[in-house]
Structure formats: structure tokens, C-alpha cells
Amino acid sequence: MKKHSSLKTILPLLFLMILVLGLMMCANQNEESSQSIIETQDQHDKRMSWWREARFGMFIHWGLYAIPAGEWNGETDHAEWILTTAQIPVKEYEKFTEKFNPTQFNAEEWVQTAKNAGMKYMVITSKHHDGFCLFDSELTEYDVVDATPFGRDILKELSNECHQQGIKMCFYHSIMDWHHPDYLPRRKWESRPAEGADFDRYVQYMKGQVKELVSNYGEIGVLWFDGEWENTWNRDRGTDLYDYVRSLQPSIIINNRVGKGREGMAGTYDPETSVGDFGTPEQEIPDTGLGYNWETCMTMNDHWGYNKHDDNWKSEKELIQKLVDIVSKGGNFLLNVGPTAEGLFPEPCVKRLRAMGKWMDVNEESIYGTTASLFSDLKWGRSTTKAEKIFLHVFEWPKNRILGVPGFTYEVESIYLLEDPETQLNINYSENRAEIELPEQATDPYVSVIALELKK
Ligand code: FHN
């Protein structure tokens, strides 16, 4: 009977042990599933440091939409949205894959052009809203390797070149997918039934492709999500996706369009309550800094994807002054190129990038790694700051050759034109203002920069 009595003693203990073990596993599992990336300010600053230093990157919108190049049934204002704006049935749109053969694509040239322009990172559409993938995905045949005569992994060639030439490879990936049968909602005009579509299954597909992107192409600087605005995507899914990507590449940077916190095209958000590492103003520059990391993305003409009819190019001067304006407010500039179906950057883009590069060759010190202006409302231009230096970017050369800087009360070690450090300039002070004597003529056709080294 002892046995029984010993059983009597052991069984409750056994039950208790199993209960405690079960609770521990469950707690641990809860902990893992609710695990959100926790990082100190120092860890965050370290992770963001290359991006804050870079200040200037290239955006590339490229895909099947380069083939129609904006044209459809006599209309000429389409671009990367053409599947939707021209209401092309998915089966018909897919036929563009048979024509996608950019024989003049040269990854080395593309990366060299970005680098020569002074750009430190490249963000290219791995998949735009049309669902077509510019990389070899195991999860679909609707990609450049399996579906096109070109048959090469464009992102592999570009990422190799970026790593070779020392600029950061980054990917734009659309959450919205007009091609995948499980993506919802359907376009209102399309005939594909929504029955049977499983959005959770689509999210698994998307996460699988994101895993391919951050696992097969080396170190990735930024995952730039977009297409987050439809009602099937939500904050929890965004937080899960952010944590998932960071678990695969902990040092990667992710924009605020991974979640739902973005406030329209202003791209603003509350970094304390919304997921993502930087704000994303689109086609606009905020009036002032935003008090957190932000990057304006902008086209050189009026379209992201290539449109053969769009000649409304911003001038070299406008683009350089936008770069300076953005950086003077503590932001980054992501400037877009929409390559042709042949795999070439449009010549007007190349011309502008060359001019920006020439300006950066002389003035990069006033851009890279700088922080926002110490002065508000400089009528003649902008200013940036770097450690013990202040840079003044003169857009409008004063006719009387006197450059007034309200609020400048710093003692100056030296003051000179950044393009000619040998020429010391005179500076006079009056109440709460400095006045700098300038040469007769502006020295740069776009933006002349004056450097002031402050007394330590
Ligand atoms: O719908 C996209 C658009 O095609 C383009 O990719 C821009 C660039 O950021 N983002 C979305 C519009 O806000």
C-alpha cells in the first residue's frame, strides 16, 4: 500500500511540476511574442549614425511600368501606377514581363552615377504596388529572373556593386500588392473575385520576401516600406513586421510607412507612439525641422516611374537648393530617378546628378554629417552646423556685398569661402547680429558657401 501512499504523495507533486513548467513556457512564449525591439538612445543613435551622416540618397522606381513609359490608349500621364490608373487587368499587365529586357542595364554605372552625385545610399523598388519583383524570389515566378527574357537578378547585381563601391544598398518594398491573389482589398474596377483571398496568407508571403531581401543581398541599410494606407494593414501588423525585420538584421533602419502612423504626404508621425525610425515627407519639405529623423523623397520631374513625355524637370539650381534647405532643417534628401525600359537613367537626370556632384565635390563638408541651422529665417539662404563650424549657404548674393546674420554672436577663429579657404573674409558685429563682407560676385552659380570656424 506504501506504493499507493507514495504515489499519493508523488502525483500531486508531479502535477504541480507540470503546471509550473507549463506556466513558465507560456510566460516565456508571451514574452517572445510581445518582444518589441527595445534600444537605448545611444544604441538608436549608433544605428542611425551612417544615415544621419549620409544626408543624400538616390531613390529608384523601376519595373514593368517603364515599358509603357506613361502611355496607354492615347493617354500620356501614367507611370508606376499605370495598372490602376489605366485599369489594366492583371492578366494583361503580366504580359509586360515578356518585354522586360533592359539590355543596357549596368549596375556599376548606376552606382557610380549615384556616388559621383554625392549620394551615400540607394533605395530601389524591390517590389512596387504592381507586385513585380526585381529580384529572384523563391516565393513567386512573377519576378525578373523567372518571368522575363532578361533573366538576371537586378538586386543581386546592384547590391554587389553598392557593397563594392561603398554606398548603402536599400530596398523599397510595397505592402500593397495589386497582383497577389491573397492581397485585399481588390481594386474596385477589377474582375478578379475576392472570395478565397486570405490576407494573413499574403502577409506571410510578404514577410517571406522581406526575409529573402534581408538575407540574400548582404548588409541592407534601409527597408523603405510604402503602400501601408489601405484598411487591411494596421499598426499591429506594422509593429510585427518592424520587429521581424530587425530580428533578421538588427542594425537595419526602417521608415515610418511600415506602420500606420504617417500623417499623409507630410510624412510626419509621433516616433514615441508609432513604429518606424524616420518620417517621410513626400514631394515636400517641412517649414522647419521635425525634432526627429526625417527624409524628404522627391522626383526630379513629376513622375516616380519613367514617363517619356514628362519634361518638367527641376533645374540643377532648384535641386541643390532643395538639398541645402532639407539638410539645414536636419533632414535627408532622397532624390528619385525613374530608369527607362532599356535600363538607362534618363539623360536629364544624369545631367542634374552630374551638376549636383560637382557642387558636392566642393561643398560636401557643409552637408555630410551636419545638423540643423542655429538661425531662423535667413532671408538670403540657409545654414548648417558641424561641431565647431557653421556653414552659410548663400542663395541670393547681397547687392551691397554685406551678408547680415541675425542672432550671430559667436567669436570666430576664421571665416572663408568653402571653395577657396585661403580667402579670409571680414566680419563685423553689431547688437545681436554679424555682418560679413563678401566679394563682388557670387562664387558659385547655384549656392555659395561660407565657412566660419568658431573659437573653442
Ligand atoms: O504610391 C506610391 C508612389 O508610387 C511612390 O512610390 C511614392 C514614393 O514614395 N510613394 C507612394 C505615394 O505616396
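Tutor: Let us begin with a polar contact, which is a pair of N or O atoms within 3.5 Å; within protein, one must be able to donate a hydrogen and the other to accept it, and residues adjacent in sequence count only if both atoms are side-chain atoms. Here, an N or O atom in the side chain of Glu282 lies 2.8 Å from an oxygen atom of the ligand. The side chain of His61 likewise has an N or O atom 2.7 Å from a ligand oxygen, and for Arg257 the corresponding distance is 3.5 Å. Please keep in mind that this is a predicted model, in which local features need pLDDT of at least 70 and side-chain atom pairs count only at pLDDT 80 or more, while totals for chains, interfaces and linings use all residues. Residues are numbered from 1 along each chain as its sequence is written, and side-chain values use heavy atoms, with hydrogens and water left out.

Student: Which residues around the ligand come nearest?

Tutor: A residue is near a molecule if one of its heavy atoms lies within 4 Å of it. Of the 15 residues around the ligand, the nearest are His61, Glu80, His129, Asp226 and Glu282.

Student: How should I read a helix, and what span should helix H9 have?

Tutor: Helices (H or I, at least four residues) and strands (E, at least two) are DSSP runs, numbered from the N terminus, and the expected span of a helix is 1.5 Å times one less than its number of residues. Helix H9 (residues 235–248) has 14 residues and should therefore span 20 Å, which agrees with the 20 Å between its end C-alpha atoms.

Student: Which residues of H9 are buried, and what covers them?

Tutor: Buried means under 20% relative accessible area, exposed over 50%, and partly exposed in between (1.4 Å probe, protein chains only). In H9 the buried residues are Gly238, Leu241, Tyr242, Asp243, Val245 and Arg246, and their cover includes helix H2 (41–54), helix H8 (199–215), strand S4 (222–226) and strand S5 (253–254). In the loop between S4 and H9 you will find Glu228, which is buried because its relative accessible area is 4%. Contact means heavy atoms within 4.5 Å; leaving aside neighbours within four places in sequence, Glu228 is in contact with Ile175, Trp233, Arg257, Gly259, Lys260 and Arg262.

Student: In what order do the strands of the open sheet lie?

Tutor: Two strands pair if DSSP finds at least two bridges between them. The open sheet has five strands in the order S8-S9-S15-S11-S12, with antiparallel pairing. Strands S8 (381–386) and S12 (420–424) stand at the edges with a single partner strand each, so one side of each has no neighbour in the sheet.

Student: What backbone features should I look for?

Tutor: Most residues other than glycine have a negative phi, and most peptide bonds are trans. In this model, the peptide bond from Leu184 to Pro185 is cis, with omega near 5 degrees, and Pro185 belongs to the loop between strand S3 (168–174) and H8. Ala387, in the loop between S8 and S9, has a positive phi near 50 degrees, and Ala387 counts as exposed because its relative accessibility is 70%.
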